[in-house]
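Visitor: I have not seen this structure before. Could you take me through it in questions and answers?

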Amino acid sequence: MLDLDGDPIVALATPIGSSAISVIRISGKNSISIVENIFVSIKSGKKLENQSTHTIHLGYVVAENNNLLDQVLVSIFKSPFSYTGENMIEISCHGSCYIQQQILQLLIRKGIRLARPGEFTLRAFINKKVDLSQAEAIADLIVSENKIFHEISLQQIKGTLSNTIKDLRKKLLDFASLLELELDFSEENVIFAKRSELFSFLQELEGTLKDLIESFSLGNAIKKGIYVVIIGEPNVGKSTFFNQVIQEDRSIISDIEGTTRDCVEGEIILDGILFHFLDTAGIRKTKDPIEIMGVEKTMKKMEEAQVILYIFDSSNKEKKKIISDIKKIHKKYPLKNIFSIANKSDISPLHDFENFDSKIPYFFEISSKNYHDVKRVLNALSSLFLDKLKGKKIVVTQDRHYEALKLSLIEISLAHNAFNKGISVDLVSIYIKDALRYLGKITGEITSEDILKNIFSKFCIGK
């Protein structure tokens, strides 16, 4: 996959199918001269190779035997001032599938090959136009479906993550170099790396890595959408609440217990964040084998969700049992966000329950038939995640980055402990080198062909 000879490649940069306009992208050696052979400017005698970079030219694509294919706009991007760092051409043609294919086939006959998935961005990485984390952020930006993930992807394209990693890596490399010098002069007992500065930096680095690692659970949830599972006993209003959330009668509502036996899913975007809501089977003891399967699926979805909405009937007299059930959920899922919702307040407002809301975080008393009540819960839900984002300058969204950061933290912690125990510098140096290697994998300063193939194969062909 790592073709470094710059042979010209071509692909549709716009989706396949009919549209008003399509863009065909070409990059590599001789790309401008090859397009020159099939392009006739409306201005007689104009040559594309003589034109400046970042200019647009109107003309016609002409096939063999002077067969006119389309009137087009040709955009020129000359090396190194292009997305790939190579000479690039973009042909904006009319969006007929026939026209697209005719121009692509013509370019292939002229010696340009079809691009592989992600090959334009791979060339941008090879030519140092972007680092690896920025390239991955480009792929994220293309598939972003909500405002917040879009903003996170843009920040990473700008280099917020990669600049932080590069800065940490540079400081760590400086210390590693000084430790190597100490090893070279071990017989003279010369100390080049000030221990107080090194201790302070390792402690700071551990803190930074922990913050980045902790941000992943939030970043990954926002990237894929935040899963919210609605649980509770039968007939407490879960399905009514769910239908109000998605503003659609998707879940069946009935007074008969056990109506919902499978998970019903709906999606909404709140304040730029995608949420997946799941209405689940009511949790109760039952002999119905189908309902038992539904309850088991509810339990599984609770494990997978980032948020649990526990709904109960406000008229339920067993207040101690309700509090006990809520505490059990908090104890079993201490890292999840748990909302406790007393429903049916329009029928029986909650009473005889002193300081109920002070004992339980995220408590609401609502009527799920009233959308404004449901909206209060949704506003609190979106605010919860927006508040978490406010404290994060950088949010990690890639599994690969998360794993590399964890491995780096392990090595830095080992180095820190080794120094505290007075272990020899040569072993500490090994830990720091390993940490440098893991950090370098994030930005692509240290990588392998297999990793690059895995990353860029997931891109769309025109990118």
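Visitor: How many helices and strands does the chain have?
Guide: This is a predicted model. The chain has 463 residues, and buried residues make up 49% of them. As for its elements, the chain has 15 helices and 13 strands.

Visitor: Among contacts between residues at least 6 apart in sequence, what share joins residues at least 24 apart?
Guide: The count starts with contacts in the chain between residues at least 6 apart in sequence. Of these, the share joining residues at least 24 apart is 66%.

Visitor: What part of the accessible surface belongs to carbon and sulfur atoms?
Guide: The accessible surface of the chain is about 23,100 Å² in total. Carbon and sulfur atoms hold 53%.

Visitor: Which residues does Phe277 contact, leaving aside neighbours within four places in sequence?
Guide: Phe277 is one of the residues that touch the most other members of the largest core. Its contacts beyond those neighbours are Val228, Ile230, Phe242, Val245, Val264, Glu265, Gly266, Ile268, Leu309, Leu378 and Leu381.

Visitor: Is Lys128 buried or exposed?
Guide: Lys128 lies in the loop between helix 3 and helix 4. It has a positive phi of about 60° although it is not a glycine. Exposed means over 50% relative accessible area. At 75% relative accessibility, Lys128 is therefore exposed.

Visitor: What is the phi of Asn66?
Guide: Most residues other than glycine have a negative phi. Asn66 is in the loop between strand 4 and strand 5, and it is exposed, with a relative accessible area of 71%. Its phi is positive, near 55°.

Visitor: Which peptide bond is cis, with omega near 5°?
Guide: Most peptide bonds are trans. Pro80 is found in the loop between strand 5 (67–77) and strand 6 (88–95). The cis bond runs to this proline, from Ser79 to Pro80.

Visitor: Which helix gives the most to the lining of the largest pocket?
Guide: The largest pocket has a volume of about 560 Å³. Of its 22 lining residues, the closest to the centre are Asp140, Val143, Lys223, Gln398 and Lys458. Helix 4, helix 7 (195–224), helix 13 (399–420) and helix 15 each supply at least two lining residues. With 5 residues, the one that gives the most is helix 4.

Visitor: How do the residues of that lining divide into nonpolar, polar and charged?
Guide: The lining of the largest pocket has 22 residues. They divide into 8 nonpolar, 6 polar and 8 charged.

Visitor: Why does Arg169 count as buried?
Guide: Arg169 is found in helix 6 (residues 160–184). Leaving aside neighbours within four places in sequence, it is in contact with Leu436, Leu439, Gly440, Glu445 and Ile446. Buried means under 20% relative accessible area. Arg169 counts as buried because its relative accessible area is 13%.

Visitor: What is the relative accessible area of Glu49?
Guide: Glu49 is in the loop between strand 3 (39–41) and strand 4 (55–63). Not counting residues up to four places away in sequence, it touches Ile32, Ser33, Glu36 and Lys78. Glu49 is partly exposed, with a relative accessible area of 46%.

How values were computed:
Residues numbered from 1 in each chain as written. Predicted model: local features only at pLDDT ≥ 70, side-chain atom pairs only at ≥ 80, totals over all residues. Heavy atoms only, no water. Helix = DSSP H or I, 4+ residues; strand = E, 2+ residues; numbered from the N terminus. Buried < 20%, exposed > 50% of the residue type's maximum accessible area, 1.4 Å probe, protein only. Contact = heavy atoms within 4.5 Å. Areas by Shrake-Rupley, 256 points an atom, 1.4 Å probe, with all protein chains shown as cover. Core = buried A, V, L, I, M, F, W, Y, C linked by side-chain atoms within 4.5 Å. 1 Å grid on protein atoms, 1.4 Å probe; cavity = no way out; pocket = protein on both sides within 12 Å on 5 of 7 lines; lining within 4 Å. Points joined across faces, edges and corners; volume = space filled by probe spheres on them. Nonpolar A, V, L, I, M, F, W, Y, C, P; charged D, E, K, R; others polar.
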